[in-house]
Amino acid sequence: MIGVVTFTDPRPTALSKEREEAIKQKHNYLIDELKNEFEVVDINAELGKYGEEIFGIHSVDEAIRAGRLVKKIGLSGVVIGLWHWTESNLVTYFLRKANVPVLLYTDGDPAWAGATCVTSVGASLWESAVNNYAIRHSRVIGDVELVKAWVRAAEAVKRISEGSLLLLGGTYTLGMEHLMDDLPMLKRFVGDFIMLDQYVIIKEGEATSEEEVDRFYSWLLEKAEVKFDDTMLTKESLRKQIRLYLGAKRVWERYKDKVIGLSIKCQPELSEIYGVTACLIPAFFPFNMDAFGKKPVVPATCEGDIKGTISSSLLYYLSGKPPLFGDIKYVDDDVVIIANCGASSLYYAALSDDPEENLRRVTIQGQCQGKSGGALTYRTPPAEFTVARLIRRNGEYYLLYFLAEGVEITEELEKKLKWGKQWPHTAIKNPLDAQDFIQVMGANHLSLVPGDFTEEIKFVAKIWGIQPVDLTDPLDVREFLK
């Protein structure tokens, strides 16, 4: 839920019925625009301002009451309407009590002094610095779509801050230290972490009935192409992979009200010791269907990648689309290929809202690593994607992002693939040249979703208090590489 509150001039001699009617209309227009997409609380209405001569918040007492109301309701953030003039300290009183992300908005109407008010209030919030949200407030003039981007960012930040990451096997794998992190420090972004040994999903999988496994097995053979062999993908190894997925699903069911994303460590405990890769987990958790029907999308990553899981969860809560996660497999001056080691969200097989259409584009065939098991093969069709990655360098967090144009994986490019050819592959245009791309990357994993959510990501970074780095902006990249 997001709040909208409008302030006005507290001076008795400045009282103007025309002004109050104008700001009321502007306030209601903004709420109507936001209600098309979000759940909105009209704070002025909650305070009974529609029945008063002065519609806007105009006293210290009202500002404090409004702030307490925001805190009590638990809003994700508040859009503050500053259509003409108010005394800045009223907003300071409000924000001290509310302590939530805020955006200062005016519509740029030349009939009123909205720009004066936004700049005055904004400067005062910087000066007073009563809390982090005062320092990190955002300002928009005359662009409701940009306000909506900020609301999506505030809603995503709140959802992540109240949720937990489910880390199956903990972190990290294969000696990749960047997959680790300082977990208490990460609680500035994420509510908590649920860390369970992978043995839990093995046991839950073994406890799953033969009937459930048979149902999933038959459903896979019906919906996707399955290529068995005598070594890696046998009927037995596929059924073992199914049990791992169903075991993980049973564990998730216990925590589903809390979990905003999960990661499976897999290597080497499952892939080598237990004997199969856990590829059905990153394939089906971030997908809206399995053998038992429609299901929630749950962002999922591999190898205990904590910041990768946060990145995927962020993109999901901004877009509502299943996030893709994978390795940076190949880079040249033109193309970046992302290919996860066995599976990524099956949504990307066709980018279709019909899950069965996506499944028809998937081939399950023998893995190229681990003792046994199948990889889920597809090639993502071209589209526009937002790519993002939370990284840490020398103790400081950065949010790398860029808007990418998808590239068709041609037959010529396909012929060049050898290692991991059976993995899912997604190709995008490189926003930099190969050397700069390699220099700027703070991880070998990236996450992406369809659509343009770059403005939202900039707002998220501001709310979090970290530096966004747009890889399509040479100045951003050069500043980061310094």
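Helices here are DSSP runs of H or I with at least four residues, numbered from the N terminus. With that numbering, helix 7 is the element that gives the most to the lining of the largest pocket, with five residues. The model is a predicted one, and the values below are computed from it.

**Pockets and cavity**

The largest pocket holds about 350 Å³ of space. Its lining is made up of 20 residues, and those nearest the centre of the pocket are N99, P101, Y133, V157 and S161. Besides helix 7 (144-162), at least two lining residues each come from helix 3, helix 6 (132-135) and helix 18 (454-464). Sorted by class, the lining of the largest pocket consists of ten nonpolar, five polar and five charged residues.

For the second largest pocket, the volume is about 190 Å³. The residues that line this second pocket are K329, Y330, D332, V335, I337, T410, E412, L413, K416 and L417. Strand 13 (324-331), strand 14 (335-339) and helix 16 (411-416) are the elements that give two or more residues to that lining, and the largest share, three residues, comes from helix 16. By class, the lining of the second largest pocket has five nonpolar, one polar and four charged residues.

Of the 17 residues that line the largest cavity, C266, T277, C279, C302 and C341 are the closest to its centre. The cavity lining divides into eight nonpolar, seven polar and two charged residues.

**Helix packing**

Two packed helices are described by the angle between their axes and the distance between the axes.

| Helix pair | Angle between axes | Distance between axes |
|---|---|---|
| Helix 3 (residues 60-73) and helix 4 (residues 88-98) | about 25° | 7 Å |
| Helix 7 and helix 14 (residues 306-319) | about 135° | 9 Å |
| Helix 9 (residues 199-206) and helix 11 (residues 235-255) | about 105° | 7 Å |

How are helix 3 and helix 4 oriented to each other? Angles under 35 degrees count as roughly parallel, and helix 3 and helix 4 are therefore roughly parallel to each other. Helix 3 passes helix 4 in a crossing that is right-handed. On the helix 3 side the contact involves V60, A63, I64, A66, G67, R68, V70 and K71, which meet L90, Y93, F94, K97 and A98 of helix 4. By class, this contact of helix 3 with helix 4 has nine nonpolar, one polar and three charged residues.

For the second pair, the packing angle of about 135° between helix 7 and helix 14 makes helix 7 oblique to helix 14. The crossing in which helix 7 passes helix 14 is right-handed. R152, A153, A156, R159 and I160 of helix 7 meet S313, L314, Y317 and L318 of helix 14, and the contact has six nonpolar, one polar and two charged residues.

The residues V200, I201, I202, E204, G205 and E206 in helix 9 meet R243, L244, G247, A248, R250, V251 and R254 in helix 11. The contact of helix 9 with helix 11 has six nonpolar, two polar and five charged residues.

**Backbone geometry**

Most residues other than glycine have a negative phi, and most peptide bonds are trans. Against that background, which peptide bond is cis? The peptide bond from Q267 to P268 is cis, with omega near -5°, and P268 lies in the loop between strand 9 (259-264) and helix 12 (269-274).

A positive phi of about 55° is found at L351, although L351 is not a glycine, and L351 belongs to the loop between strand 14 and helix 15 (355-360). N394, likewise a residue other than glycine, has a positive phi near 50°, and N394 is placed in the loop between strand 17 (384-393) and strand 18 (396-407).

Technical notes. Residues are numbered from 1 along each chain as its sequence is written. This is a predicted model: local features need pLDDT of at least 70, side-chain atom pairs count only at pLDDT 80 or more; totals for chains, interfaces and linings use all residues. Side-chain values use heavy atoms; hydrogens and water are left out. Axes are lines fitted to C-alpha atoms, for helices over the stretch in contact, and angles run from 0 to 180 degrees between N-to-C directions. Angles under 35 degrees count as roughly parallel, over 145 as roughly antiparallel, 65 to 115 as roughly perpendicular and the rest as oblique. A crossing is left-handed if the near helix is turned anticlockwise from the far one by less than a right angle, and right-handed if clockwise. Contact means heavy atoms within 4.5 Å. Ala, Val, Leu, Ile, Met, Phe, Trp, Tyr, Cys and Pro count as nonpolar, Asp, Glu, Lys and Arg as charged, and the others, Gly among them, as polar. On a 1 Å grid over the protein atoms alone, a cavity is a set of points where a 1.4 Å probe fits but cannot get out, and a pocket is an open set with protein on both sides within 12 Å along at least five of seven lines; lining residues have an atom within 4 Å of a point. Grid points are joined across faces, edges and corners, and a volume is the space filled by probe spheres set on the points.
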